[in-house]
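We will walk along the place where the two parts of the chain meet.

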Number of protein chains: 2
Amino acid sequence: MALPFRPATGPATRKRRQFLSREEIVEAGAKVLARDGYDALNMRSVATELDVQAAALYRYVDSREELDDLLFDHLMADCVPGLDGADWRADLRAFAAAWRLRLITMRDATRIALGQVSIGPNIAPLMDVALSILRTSGLKDDELIEVYQACMLLVHSLASAEASYLELAAQKDAGGLRHAPPQPEWVASYPTLWALAERLAAPPDFDARFAFGLEALIAGVERRLAGETP
Amino acid sequence: MALPFRPATGPATRKRRQFLSREEIVEAGAKVLARDGYDALNMRSVATELDVQAAALYRYVDSREELDDLLFDHLMADCVPGLDGADWRADLRAFAAAWRLRLITMRDATRIALGQVSIGPNIAPLMDVALSILRTSGLKDDELIEVYQACMLLVHSLASAEASYLELAAQKDAGGLRHAPPQPEWVASYPTLWALAERLAAPPDFDARFAFGLEALIAGVERRLAGETP
DNA sequence: ACCTGAACACCGTTCAAGT
DNA sequence: ACCTGAACACCGTTCAAGT
């Protein structure tokens with residue numbers, strides 16, 4: 001039987017291309033995550049995306065945990081914005097805003113990496129830039145690291161809160177969840193809570209919250225620089 | 001056959017007492033969590049703790065998710081310290097320190113409530129006190145809530161980071177995990193990261209980090225009060 | 001009314017067997 | 001060497017059947 005004209009790399013029905021690879025697996029994971037969300041992400045769904053059995057993945061990936069690590073790193077690729085280096089405050093704001101945007105844009109990214117981020121090849125430049133920015137502020141090395149950690153925590157946990165809020169809101173719109181959690185009786189016995197209940201239930205302004213957190217961080221750094229440490 | 005002398009409430013072998021209850025289930029959950037950790041907490045282990053089948057729990061609890069909510073609220077009971085009300089800064093520090101301590105003391109508490117804390121009868125007084133403290137600072141109601149949310153986020157996410165670090169360290173001591181994650185080659189190409197690598201790998205000072213975060217928050221509030229909002 | 005026993009769907013992971 | 005097929009352990013949840 002003669003060989004077909006079209007090369008082996010362009011099959012009509014999907015067929016296994018040569019071998020699997022770590023990169024291919026991670027990209028398939030990203031695809032599943034973007035399309036179906038974190039709850040639908042598992043070894044079997046990623047394998048299906050690649051027309052393969054789940055067990056096959058274990059030749060390239062040690063565990064589900066490692067896949068999550070790789071995936072998170074992958075999602076954060078090329079996330080560093082251009083910075084002019086004139087003012088560390090402006091640079092820090094730009095950096096934090098860019099990273100926050102990425103975390104929120106990539107569906108469920110914050111659910112993959114709950115706090116413990118392991119440094120991969122795409123996270124490293126991110127860290128490097130953040131540290132560089134803070135270094136130009138004039139902080140000493142040990143203070144610098146504390147501030148850096150605080151900044152990462154701020155961005156990550158606030159983005160996480162925002163993402164989970166948005167997901168919940170979307171769910172409520174689509175499916176039909178309970179509209180507002182029915183006010184329990186006993187909240188009336190807490191005066192301040194009661195007085196602010198309405199405001200607390202209102203949709204949060206995450207931009208404002210983010211801005212406040214960042215400005216507070218900057219204020220904290222400036223205090224340190226001025227030597228007003230209590 | 002004559003009835004035994006000892007009353008029915010004091011059996012030699014453990015026997016089901018009357019009926020189950022929500023409270024009993026939550027306490028059993030707390031027991032499992034304290035003894036075996038979050039990874040060992042599931043419907044079956046809680047049921048076993050009560051000499052009962054897992055399915056029996058569903059008469060009192062809607063889902064695993066609800067159990068987690070109830071459990072977290074239970075763990076945070078009576079966590080509000082005495083406050084003198086003289087200075088809102090001092091009160092805020094005392095409040096935050098007490099809550100942080102509780103979060104860390106209760107094994108895996110932060111893993112139960114990942115960010116989204118639903119207000120239960122034990123969380124409510126906590127919220128009420130925090131809001132009351134901030135109210136005495138002179139902030140307007142809407143600003144107050146932003147600061148409150150920032151404070152909750154700070155305490156919770158920092159405690160979460162600390163707890164997961166401690167757990168990892170304990171694991172490393174006991175079992176024998178990889179000592180230090182072997183420095184990847186490519187970090188050398190990021191100068192600032194490289195320069196600070198040693199410091200970044202050093203055991204973090206969570207007390208200092210917490211203090212910095214809280215002081216920054218206070219600095220942010222004071223700026224707001226002074227009307228220096230950018 | 002409350003609990004048991006058994007089952008189902010789902011998921012991470014392992015392993016012998018195929019090619 | 002790489003993948004399949006089948007299996008195991010584990011977990012949330014449901015439901016008919018017992019008492």
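Seven residue pairs are in polar contact across the interface of domain 1 and domain 2 of chain A, both residues at pLDDT 80 or more (a polar contact is a pair of N or O atoms within 3.5 Å, one able to donate a hydrogen and the other to accept it; residues adjacent in sequence count only if both atoms are side-chain atoms). This is a predicted model, in which local features need pLDDT of at least 70, side-chain atom pairs count only at pLDDT 80 or more, and totals for chains, interfaces and linings use all residues. Residues are numbered from 1 along each chain as its sequence is written, chains are lettered from A and ligands numbered from 1 in the order in which they are written, and side-chain values use heavy atoms, with hydrogens and water left out.

To get your bearings, select 22-75 for domain 1 of chain A and 88-225 for domain 2; these bounds come from an automatic or database domain assignment. Contact (heavy atoms within 4.5 Å) takes 14 residues from domain 1 of chain A and 16 from domain 2 of chain A.

Next, show the side chains of R111(A) and D39(A), which meet in a salt bridge at 2.7 Å, N to O (side-chain nitrogen of Lys or Arg within 4 Å of a carboxyl oxygen of Asp or Glu). The rule finds one salt bridge across this interface.

Now select α3 of chain A, 64-75 (helices are DSSP runs of H or I, at least four residues, numbered from the N terminus). With seven residues, α3(A) gives the most to the side of domain 1 that touches domain 2.

Methods:
Helices (H or I, at least four residues) and strands (E, at least two) are DSSP runs, numbered from the N terminus.
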